[in-house]
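Subject: Structure handover

Hello,

Here is the structure I promised to pass on. Please open it and keep it beside you as you read.

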Amino acid sequence: MSVVTNTTTIGAIEAPSRRNTELLMLAFAVAIPVFAYANVGLAKDGSLPAGMLGYGIGLSLLAGVAHLMMRKFAKYADPLMLPIATLLNGLGLVLIWRLDQEPSLGKAMAPNQLMWSTVGVALFLGVLLVLKDHRVLQRYTYISMVVALVLLILPMFFPGVNGAKIWITIPGVGSLQPGEFAKIIIAIFFAGYLMVKRDALALASRRFMGMYLPRGRDLGPILAIWALSLMILIFETDLGTSLLFFGLFVIMLYVATERTSWVVFGLTLSAAGAVGVAAFATHVQSRVNDWLNPLATKCVNGECGLVTETAQAMFSFGSGGLFGSGLGQGYSRFIGGIAPKSDYILATVGEELGLTGLMAIILLYGLLIERGIRTALAARDPFGKLLAIGLSGAFALQVFVVAGGVTGLIPLTGMTMPFLAQGGSSVIANWALVAILLRISDTARRPAPAPAPSPDAEMTQVVRT
Amino acid sequence: MNKPLRRVAIFCGILILALLVRVNWVQYAQADKLKTHKDNRRVLVERYAHPRGDIVVDGKAITGSVEAKSGDLKYKRTYKDGAMWAPVTGFASQVYGATQLESIHDGILTGTDDRLFFDRTLSLFTGEQKKGGNVVTTLNGDAQRAAFDGLKGKKGAVAALDPRTGKILALASAPSYDPSKISGMGDAEEWKKLDKKVNPDDPSLNRALRQTYPPGSTFKVVTAAAALEHEKYPDIDAATDSPFPWKLPQSSTLLPNDGNHPCENASLRVALQWSCNTVFGKIGSDLGREKMQETAEKFGFNSEQFTPVRSNASVWPKEMNPPSTALSAIGQFETAATPLQMAMVTAAIANDGKLMQPYMVDKLTDPNLDVIKQTDPVEMSRPLSADNAQKVQQMMETVVKDGTGKNAQINGVTVGGKTGTAQHGINNDKNPYAWFISYAKTDKGSPVAVAVVVEDSEAARGDISGGGLAAPIAKSVMEAVLDRSK
């Protein structure tokens with residue numbers, strides 16, 4: 001009797017939903033970009049920018065609607081992810097608007113980015129609304145595979161932009177970066193596939209020199225993914241996407257099988273692939289050269305002594321110093337073209353917000369990633385765990401590859417900073433990614449439904465009465 | 001599955017940590033290197049973000065700053081009478097860097113000098129626009145104009161000093177260039193015109209400091225000073241041991257004199273009056289290379305001068321045979337001097353043997369005109385004793401009174417001078433250089449010593465002589481200085 005009472009008591013206590021925490025954080029996440037926006041205006045022409053009110057209201061609306069939907073449809077989800085995504089997206093908009101103030105960088109892009117952000121948040125809400133349970137996605141394992149493959153292969157047939165073929169250009173509509181969406185879809189495929197195959201991959205192995213080596217026939221999938229990554233690298237000349245997909249697969253394989261040997265095997269394969277490709281692919285070689293000599297000058301059409309984008313970015317970071325020049329007062333425009341708003345947006349952060357600001361941004365990404373991994377830990381089903389770690393891992397790899405590339409830690413690749421950088425595909429896809437993580441987190445933290453009144457108990461009562 | 005998940009979490013943490021370490025390396029450890037890297041355009045932007053301080057002559061700025069119409073560098077340099085002052089200022093160009101005073105005192109002019117730290121910090125709080133400090137020169141605007149006008153249409157240079165202090169009063173070079181025309185962006189055409197390959201006149205060459213010419217007969221005052229100092233001939237009115245005609249030692253070549261003058265055994269005074277090659281050639285030969293070198297180097301030969309703008313070293317050859325020594329003693333062979341050097345020689349004699357270090361920056365001031373650094377006159381050396389200096393003065397005054405330098409006479413003022421006509425080119429086939437060095441003396445000592453060189457003039461070869469071409473320029477410069485000091 002007492003045991004039954006205890007269970008009922010625990011079930012009766014409402015688990016904390018943490019939505020109020022989220023609301024408070026969201027207030028900060030909206031206020032900080034609005035202040036930043038004011039800051040740019042004051043620095044640039046000494047007055048508050050005209051669009052500030054609209055921007056503030058717009059961002060508040062997006063955040064507010066998202067928050068209300070969370071209260072309704074994902075009540076128990078992680079309270080930090082939405083505020084962090086909002087803050088990064090809001091700061092990204094301010095940074096792009098700030099760079100729009102430089103006439104040398106071409107047409108304004110902030111209005112478009114605001115529109116894409118709205119679409120992104122709409123997709124975020126759509127996912128929360130439609131996807132009541134993430135396990136539904138498991139049904140689409142093989143469809144996901146096909147879609148992901150198509151998305152990855154398509155850009156091969158379109159002309160490259162700045163040397164990387166990662167775009168699909170639809171005349172009159174615009175261009176799309178399918179790799180951003182493929183990142184999510186392929187994580188769904190891997191999660192579904194590995195959940196089924198994990199036992200075979202984990203258990204059927206031979207022991208060799210203290211490591212469990214997979215059977216020959218189990219090597220198939222990893223070799224296929226490896227080959228695909230190499231093909232992306234060779235034909236689409238995109239180091240970043242290639243690295244992202246292979247890394248993602250290795251992480252998920254490791255989590256699914258708990259076998260370190262897969263990691264060793266994966267690293268060996270990627271090292272072999274990288275060295276092999278670097279030996280004959282000139283675009284990879286030139287990236288590596290830029291990385292080794294970031295400040296070297298280049299020659300174009302016989303005119304020498306020109307400063308490279310890489311060097312300009314390094315100068316931006318260096319000139320920012322500890323506390324930065326202040327928003328609107330830096331010279332990251334020297335990077336030139338569209339790059340400061342997209343690939344090199346971190347250079348503006350580094351120069352105008354300084355080391356302090358840049359570290360804060362990196363820590364925000366780190367926090368978002370670790371919240372994702374926490375979600376994986378908390379998830380109760382293997383598919384949810386795998387999907388959550390896949391999405392978080394992909395996000396982490398992307399952040400590392402982009403930030404590492406821009407700051408000269410690793411060779412530069414053609415990818416963009418999630419949420420921060422200009423680009424519709426990226427912002428939409430990453431809002432969807434966060435939505436799926438929140439759905440998994442909501443499912444994981446949702447308290448078990450209160451047990452239905454036990455018929456036995458009732459009977460007992462009846463008997464008693 | 002949680003164990004590998006935790007490991008992946010740690011792995012992701014390491015990735016983030018690696019990024020943090022990297023940005024600290026770039027933005028902290030490497031920051032200064034990147035911030036000041038030569039390719040970092042911010043260095044230029046910052047440099048031209050504020051009006052540059054001015055270079056000042058006679059209390060008035062000869063430079064200015066205006067907002068540039070094109071390019072991302074805000075202020076560009078302007079110059080008043082740029083061509084006239086170019087040998088003093090040099091240029092400060094947004095594209096081609098800076099030279100001379102503009103370069104040497106760049107820190108003061110841009111305001112980045114450590115000595116302006118307090119002003120910078122203050123303007124941070126007061127919100128006043130940052131401005132550089134000023135460079136106040138020793139130059140005399142009237143003398144400079146006299147020199148520059150005198151050289152109009154000619155090729156040559158003038159250097160004038162205040163013998164008592166070493167202050168540079170005039171420093172002109174012709175043909176010149178206007179540094180205003182190359183100070184901004186998009187001035188590549190004008191810049192190309194300054195290239196020696198395109199323009200044989202080489203207008204950007206600062207002839208007063210950077211061109212060495214054979215000094216010709218003007219060098220005879222150095223030889224005369226050496227003869228007195230080394231006690232070869234202590235009395236300037238006593239006959240010297242100078243046969244005529246005279247063969248160069250170890251040679252059968254006769255050393256000619258210019259014109260038919262009483263040079264045989266002439267006294268030093270007469271020999272200088274008529275510029276006797278035989279007398280001074282023999283003195284050089286008799287004293288020998290080393291003794292001549294000792295005196296020449298005391299006058300500043302064989303070393304660069306820093307005024308603070310560097311001047312090329314004038315040359316007394318350190319290795320040569322006796323006939324060459326004789327030729328060098330009359331300012332030929334490899335002897336070469338900048339106009340500044342010859343002005344220094346004149347100044348040392350006019351200042352009773354005391355050579356003052358030549359300088360052109362009187363003081364550096366902060367933007368509020370408070371003095372940061374004042375240059376004090378410094379004695380450089382004593383090439384000859386006061387007695388001997390006065391003897392050379394008497395000789396040079398005779399040259400102007402009764403000899404080759406009559407064109408430099410000024411009413412009511414004692415003037416001493418020496419002409420020179422230096423030959424050059426293979427077999428002397430080019431127009432000679434016309435030299436004139438002189439000083440003026442008042443009851444308060446000598447306020448001005450000047451050296452003028454005119455090269456490659458259009459005038460017919462026979463007309464070229466120091467007295468004809470260069471002396472009038474020297475005279476007008478001296479007059480300009482004298483008028484001011486009245």
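First, the ground rules. This is a predicted model, in which local features need pLDDT of at least 70 and side-chain atom pairs count only at pLDDT 80 or more, while totals for chains, interfaces and linings use all residues. Residues are numbered from 1 along each chain as its sequence is written, chains are lettered from A and ligands numbered from 1 in the order in which they are written, and side-chain values use heavy atoms, with hydrogens and water left out.

**The interface**

Chain A and chain B bury about 3700 Å² between them, with 74% of it on carbon and sulfur atoms. Buried area is the accessible area (1.4 Å probe) that two parts lose on being put together, summed over both. Phe315(A), Phe334(A) and Leu377(A) supply 15% of what chain A buries against chain B, more than any other three residues.

The contact (heavy atoms within 4.5 Å) takes 50 residues from chain A and 33 residues from chain B.

How many salt bridges cross the interface of chain A and chain B? The rule finds one. A salt bridge is a side-chain nitrogen of Lys or Arg within 4 Å of a carboxyl oxygen of Asp or Glu. Here Arg42(B) pairs with Glu351(A), and the closest N and O atoms are 2.7 Å apart.

On the side of chain A that touches chain B, H13(A) gives the most, with 14 residues. Helices here are DSSP runs (H or I) of at least four residues, and strands (E) of at least two, numbered from the N terminus.

**Helix H17 of chain B**

H17(B) covers residues 386–402. Its 17 residues should span 24 Å at 1.5 Å a residue, and its end C-alpha atoms are 24 Å apart, which agrees. The expected span is 1.5 Å times one less than the number of residues.

Several of its residues are buried, including Asn388(B), Val392(B) and Met396(B). Buried means under 20% relative accessible area, exposed over 50%, partly exposed in between (1.4 Å probe, protein chains only). Among the elements covering the buried residues of H17(B) are helix H11 (220–229) and strand E18 (414–422) of chain B.

**Asp237(B)**

Asp237(B) lies in the loop between H11 and strand E10 (246–247) of chain B. Asp237(B) is partly exposed, with a relative accessible area of 46%. Not counting residues up to four places away in sequence, Asp237(B) touches Ser267(B) and Arg269(B).

Best wishes
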